[in-house]
Each structure stands twice: as C-alpha cells, then as structure tokens.
Amino acid sequence: MRTTWLYGSLLALAFASCARDRSYTIEGEVDPSLNGETVYLSDYQSESIVDSAVVADGRFLFTGNISRDSIRRIDLGREYANLILEPGRIVVYLDRHLAGGTPLNDANMAYQAVFDSLGNELSSRNAAIAADSTLDPKGRQARLDEELDAWIARCEEVLRPYALRDDALGATAVWNWAFIAQTPEEFDRLYAPASEHVRNFGPVKRLAATFEAQRKTAEGMPFSDFTIPTGAADSTAVSLSDYVGRGKYVLVDFWASWCGPCRAEMPTLREVWERYDRSELEVLGVAVWDPRSASLAAIGELNLPWPQILDAGMIPTDLYGINGIPYVVLFGPDGTIVARNLRGEGLKVRLAELLGK
C-alpha cells in the first residue's frame with residue numbers, strides 16, 4: 001500500500017513538473033509615461049485578443065501555460081511586436097517589433113534579420129534599375145521582372161530550411177512565403193512539404209485558401225459569378241453575370257475609396273474607357289472593403305462614368321483570391337478569364353493586343 005502511495009505521489013510530482021515546464025512569462029519595458037495604458041496579447045490562430053495587462057512602473061507582464069508553441073502579437077497603442085509563445089522568459093522589444101530570450105524567439109530574431117535583408121536587396125536593385133537612364137520603359141519593366149524572378153528564387157532557397165521546421169518558426173517562414181509567391185504553383189513549393197502543424201497555422205491556412213481561389217479563377221478558367229443583394233445604384237441586387245459573358249470584353253476593377261493606388265489607377269481606366277467603344281469593351285468597378293457611402297462619395301469626387309457594383313465587401317475578393325487592391329481582371333466575351341492583375345501600361349498593351357488599338 002505504501003509503495004502504491006509513493007508511486008502515485010511521484011507521478012503527481014512528475015506531472016506538476018511538466019506543467020511548470022510549460023509555463024511562460026512575457027515581459028517588456030516601455031516609457032513610464034505609458035503607465036496605466038493597456039497592453040493586448042493577440043493570437044494569430046484565432047485572430048482574437050486572448051489576454052491584456054496594464055503598464056505599471058514602465059513595465060508590463062503576462063504569464064501562463066502553453067501546450068504548444070504559437071505565434072502571438074503584443075499591441076500597445078501604435079507599437080507592436082510579434083513573438084513566438086513558448087515556455088520560458090520572453091522579452092519583448094517593441095522598437096524592433098520582435099521578442100527574444102527563448103530558443104525559438106532568438107532564432108526568429110536571426111531569421112527576421114535574414115528576411116529583412118532579402119527585402120532590402122530587392123529594393124536596392126529596383127532603385128538602381130529605376131535610376132538607369134539608358135533604359136526605355138519597356139526595357140526597364142523587363143529588367144524589373146527579371147530581378148523579381150531572381151529574387152523570388154533566392155527567397156525560396158533561403159526560406160526552405162525554415163519552412164520545413166515543425167514549429168512556429170516554420171509557420172512564420174511559410175506565412176512570409178505566401179506574400180512572396182506569385183502563383184499557386186510557387187506557393188505550393190514550400191506549402192506542400194510543410195508539416196501539418198505549419199499548414200494548420202491560421203494565417204497560413206487562410207492564405208492557402210486564397211491561392212486555391214486563384215487556382216480556380218486562373219487565366220483560361222470560366223468566370224465565377226457572385227451576387228451582391230444591395231450592389232446596384234438603387235440598392236437592388238446585381239450580379240457579375242449582369243455584365244460578364246455577354247459578348248464583349250469586360251475590364252473589372254476591384255477598388256476602394258480609401259486606397260491611394262486605386263485612385264492612382266483611375267486615369268488609366270478612364271483612358272481605356274474613352275478609347276474603346278462600349279460594344280467592344282465595358283469597364284466595371286467593384287467597390288470592396290468599403291462602406292457604400294464612402295464608395296459613392298469617391299465615385300462623385302473622381303467623376304467615374306463606368307458602372308459600379310457597391311457593397312461588395314469581401315465576397316468577390318475571397319472568390320477570386322484577391323488579397324490586395326487595386327486589382328483588375330479582364331474577362332473575354334464568353335466570360336473566360338483572359339488576364340488577372342493588370343495595371344498601368346501593361347493593361348493598355350494587353351487591350352491593344354486583343355482589340356487592335
């Protein structure tokens with residue numbers, strides 16, 4: 001009986017020790033003027049705030065236990081830091097938007113330095129090409145495209161060892177790769193061999209769905225229809241099929257009133273709208289991620305003459321795998337997707353190739 005009791009006690013102590021081994025603290029120092037401000041801890045997996053703390057004596061502290069490493073975010077006013085939640089003492093550096101002090105967080109800091117250097121490398125090369133006065137616009141674009149292709153290949157080479165890790169650092173690498181990859185096929189090169197844990201990380205899973213939507217709505221595929229119940233000017237229902245697949249080319253601009261690059265693209269759209277007859281080409285605006293009132297105000301301010309679908313929200317962007325605007329898609333007379341992500345001179349050149357003007 002005594003032996004059984006002793007074995008049970010030792011087992012209980014072992015479980016208690018394991019529980020203590022999974023505990024964490026998150027600490028940060030800030031300006032004492034922020035005393036009394038609330039610091040929030042968010043979970044990228046659930047896209048929700050999971051804890052909060054109040055700054056006291058220029059410091060904040062979170063404590064808890066965790067079953068598996070995960071990626072979290074600290075927010076204090078306009079300052080933030082990403083961290084990997086794991087057992088141990090995690091120190092937050094808001095000025096660098098990172099954390100250290102534990103094995104994965106220290107490794108993440110080194111990884112982020114490498115990843116940032118890749119971005120700086122591309123910016124530097126693009127600036128040199130932009131400053132090269134010997135290049136005409138077509139030659140400059142060709143050089144930029146070559147640099148981008150080479151840079152993507154370099155990123156894949158650098159990120160691959162990280163992406164194959166079965167932990168939060170692996171999830172971070174695949175997450176970063178999702179914003180670098182240009183096509184579903186490129187994305188799959190690091191996503192497909194990743195572990196189940198990495199593929200199930202919330203942001204990675206959501207971006208994988210975006211690439212799958214792009215695959216289903218790629219060039220050469222038939223258009224995917226959507227209906228917005230209050231999308232018409234008179235707040236009645238309107239569908240993409242009211243315009244697309246009706247015997248002429250349709251250039252669809254997904255935009256929002258608050259989007260500066262969207263506004264900058266409007267002169268190009270106006271130019272093609274004026275150049276081509278409505279029997280050949282229709283331009284259609286789809287206002288996404290924007291309240292109706294703001295879209296209508298922008299339409300009036302910019303004096304946009306082409307038809308619009310309002311109140312679209314995220315419905316069309318989710319359907320077509322669009323994660324940034326402006327985004328222009330060209331549909332053929334039969335509704336086939338002819339081209340995606342057209343902009344500026346490239347848009348005008350593609351239309352001239354198809355319509356001869």
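Tutor: Let's start at Leu 330, which touches Tyr 249, Val 250, Leu 251, Leu 281, Thr 336, Ile 337, Val 338, Ala 339, Leu 342, Leu 351 and Leu 354, leaving out residues up to four places away in sequence. Keep in mind that this is a predicted model.

Student: What makes these count as touching Leu 330?
Tutor: Contact means heavy atoms within 4.5 Å. Among the residues that touch Leu 330 are Leu 251 and Ala 339.

Student: Which residues have the most contacts inside the largest nonpolar core?
Tutor: Leu 251, Val 252, Phe 254, Val 286, Leu 330 and Leu 351, in a core of 47 residues. Strand 11, helix 8, strand 12, helix 9, strand 14, strand 15 and helix 11 each supply at least two residues of that core. Strand 11 gives the largest share, six residues. There's also a second, separate core of 34 residues, which includes Tyr 111, Leu 118, Ala 173 and Ile 180.

Student: Why is strand 14 called largely enclosed?
Tutor: Buried means under 20% relative accessible area. Five of the five residues of strand 14 are buried, so the rest of the structure largely encloses it. Both faces are covered, with Tyr 327, Val 329 and Phe 331 buried on one side and Val 328 and Leu 330 buried on the other.

Student: How do you know that strand 14 pairs with strand 11 and with strand 15?
Tutor: Two strands pair if there are at least two bridges between them. Strand 11 and strand 14 are joined by five bridges and run antiparallel, while strand 14 and strand 15 have three, also in the antiparallel sense. Both pairings therefore pass the cut-off of at least two. Strand 14 and strand 15 form a hairpin with five residues between them, and Gly 335 in the turn has a positive phi of about 95 degrees.

Student: What makes strand 13 and strand 15 edge strands?
Tutor: The sheet is open, with five strands in the order 13-12-11-14-15 and mixed pairing. Strand 13 and strand 15 each have a single partner strand, so one side of each is left without a neighbour in the sheet. For strand 13, two bridges join it to strand 12, and the two run parallel. Gly 285 stands opposite Gln 308 there.

Student: Which helices lie on these strands?
Tutor: Helix 8 lies across strand 11 and strand 12, running at about 165 degrees to strand 11. Helix 11 packs on the sheet, touching strand 11, strand 12, strand 14 and strand 15, and its direction makes about 165 degrees with that of strand 11.

Student: Why does Ile 299 count as buried?
Tutor: The limit is under 20%; Ile 299 has 16% relative accessibility, so it counts as buried. Ile 299 is in helix 9 and touches Trp 255, Leu 304, Gln 308 and Leu 310, not counting residues up to four places away in sequence.

Student: And why is helix 3 called roughly parallel to helix 5?
Tutor: Helix 3 and helix 5 pack at an angle of about 30 degrees, with their axes 9 Å apart. Angles under 35 degrees count as roughly parallel, which makes helix 3 roughly parallel to helix 5.

Methods. Residues numbered from 1 in each chain as written. Predicted model: local features only at pLDDT ≥ 70, side-chain atom pairs only at ≥ 80, totals over all residues. Heavy atoms only, no water. Axes fitted to C-alpha atoms, helices over the stretch in contact; angles between N-to-C directions. Helix = DSSP H or I, 4+ residues; strand = E, 2+ residues; numbered from the N terminus. Parallel < 35°, antiparallel > 145°, perpendicular 65-115°, else oblique. Buried < 20%, exposed > 50% of the residue type's maximum accessible area, 1.4 Å probe, protein only. Core = buried A, V, L, I, M, F, W, Y, C linked by side-chain atoms within 4.5 Å.
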